[in-house]
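Thanks for making time this morning.

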Amino acid sequence: MNMTRKKLGMISMGSRIVGFMRNNQSYHFISPSIIVRLKTTSSHYVSSRARDPTFEKFMDNYKNFLKVISIQDLILANPQNPVVSLEFLSKLAQKLHLNRGSTSFLRKYPHIFRIFYDPTKSQPLCALTNDALRISHQESDAIAASLPLVVDRLLRLLSMSTSKTVPLRAIFKVWRELGLPDDFEDSVLSQNPHLFKLLDGSEPGTHTLSMVDNIRNKTSSFTSAVDNWRVEECCKENCGVERTAIQFSFKHGYPPGMRLSKNFKAKVNLWQSLPYVGPYEKMLPGAMRSKSKATAMALEKRAVAIAHEFLSLTVEKMVEVEKISHFRKWFGIDLNIRDLFLDHPGIFYLSTKGKRHTVFLREAYDRGCLVHPNPVYDARRKLLDLVLLGRRGLVLEESNLRDVKETQLPGESRDTN
């Protein structure tokens, strides 16, 4: 009888443990009495994050916007004749993630793409509409007018590197995010030889971008975006926060409905008060080799500061995780960059829409729009608006005829033949 009770007790305890593990996949059991908090697999960690409906809805639309941009770049690749054949786009449909084919995708956005038949080439072609061309020129003009800002962004990017150097291929990955002109090697780098220099990379045919030696010491005067926010907070009228309490803090905001336990809030408050080396400050020699817990926490906070500043330098305050990962080693970040974003949901938001992981700077957005827009962002937003418009607002003979046939005035009977 006692043995039966023991067996039943062990089964019951085992069932409770299995049930707990199913509901708490972020825990690993070393023994029934010892529970240790460990990171789960990346996919589980990403899927368990708190969703933000505003960012998720934005990315639902943005993933098609990125496809539109890819096709637009192909059309504008030849300025003398900005068209592309449908046959060529069909060959690239899989690479561009056009699941239902290129022609079907183009027809979804008649405010952006114009399909026509060229009798001289005996094939259908695609060009941009006048509205889309005008927006493209507006973006190019905005980028050309912001070249001083572009130079500043590149200098800041290099300043965050421990060696003041980054691979040129990494910058090519984020040229659009940084608002660089597509010919930035000529229009920015070559035009500023007193600031930038290209060096041969470690691999044949590769280059690294570096600052000119006499500029390196001058970049220590850069102020990060989070430091500017702290000053603004302290200068507000009726500010009840002391500077000592906010000097190491970051602005936080959480997805709606996310439960914040007392333990979680206490950990965030403790993390906020931790001192750290800023993104433009020099690390002390040997600091990165220290194995102490305090050093590890300071390095993590520095990594958050670098990621925060990187996103602040982008035009739309967002970037694909894969792209920013190319800078991880050069910034001295010895952490999984994606986990870093997931560990700090009050500062960053990670979306997985469109088969890519995109990170947003949470504080820069309000209701799906930038709090402080810029001319380049405004032009891109206009193109996004055309994407959102889809086929609505068209005035075509075919649609008008269909509307006349389908519209039934009072007292009329519908012709079913």
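Let me begin with H3 and helix H16, the latter covering residues 375-389, which pack at an angle of about 105° with their axes 9 Å apart. Please bear in mind throughout that this is a predicted model. Since angles of 65 to 115 degrees count as roughly perpendicular, H3 and H16 are therefore roughly perpendicular to each other. On the H3 side the contact involves Phe58, Asn61, Asn64, Phe65, Val68, Ile69 and Gln72, and these meet Arg380, Arg381, Leu383, Leu384, Val387 and Leu388 in H16.

Staying with H3 for a moment, what caps the N-terminal end of H3? That is Asp52, which places a side-chain oxygen 3.1 Å from the backbone nitrogen of Thr54. Further along, H3 bends by about 25° at Asp60. As for its length, H3 runs over residues 53-76, and at 1.5 Å a residue its 24 residues should span 34 Å, which agrees with the 34 Å that separates its end C-alpha atoms.

H16 has another partner to consider, namely helix H6, residues 130-145, whose axis lies 8 Å from that of H16, the two packing at an angle of about 165°. That angle makes H6 roughly antiparallel to H16, and H6 passes H16 in a left-handed crossing. Here Asp131, Ala132, Ile135, Gln138, Glu139, Ala142 and Ile143 of H6 meet a set of H16 residues made up of Pro375, Val376, Ala379, Arg380, Lys382, Leu383 and Leu386.

**A further pair, H7 and H13**

Finally, I turn to helix H7, residues 147-160, and helix H13, residues 293-313, whose axes come within 11 Å and cross at roughly 165°. With that angle, H7 is roughly antiparallel to H13, and the crossing in which H7 passes H13 is left-handed. The contact is formed by Arg153, Arg156, Leu157 and Met160 from H7, together with Arg302, Ile306, Glu309, Phe310 and Leu313 from H13.

Terms used
Residues are numbered from 1 along each chain as its sequence is written. This is a predicted model: local features need pLDDT of at least 70, side-chain atom pairs count only at pLDDT 80 or more; totals for chains, interfaces and linings use all residues. Side-chain values use heavy atoms; hydrogens and water are left out. Helices (H or I, at least four residues) and strands (E, at least two) are DSSP runs, numbered from the N terminus. The expected span of a helix is 1.5 Å times one less than its number of residues. The bend at a residue is the angle between axes fitted to the seven residues ending there and the seven starting there. A polar contact is a pair of N or O atoms within 3.5 Å; within protein, one must be able to donate a hydrogen and the other to accept it, and residues adjacent in sequence count only if both atoms are side-chain atoms. Axes are lines fitted to C-alpha atoms, for helices over the stretch in contact, and angles run from 0 to 180 degrees between N-to-C directions. Angles under 35 degrees count as roughly parallel, over 145 as roughly antiparallel, 65 to 115 as roughly perpendicular and the rest as oblique. A crossing is left-handed if the near helix is turned anticlockwise from the far one by less than a right angle, and right-handed if clockwise. Contact means heavy atoms within 4.5 Å.
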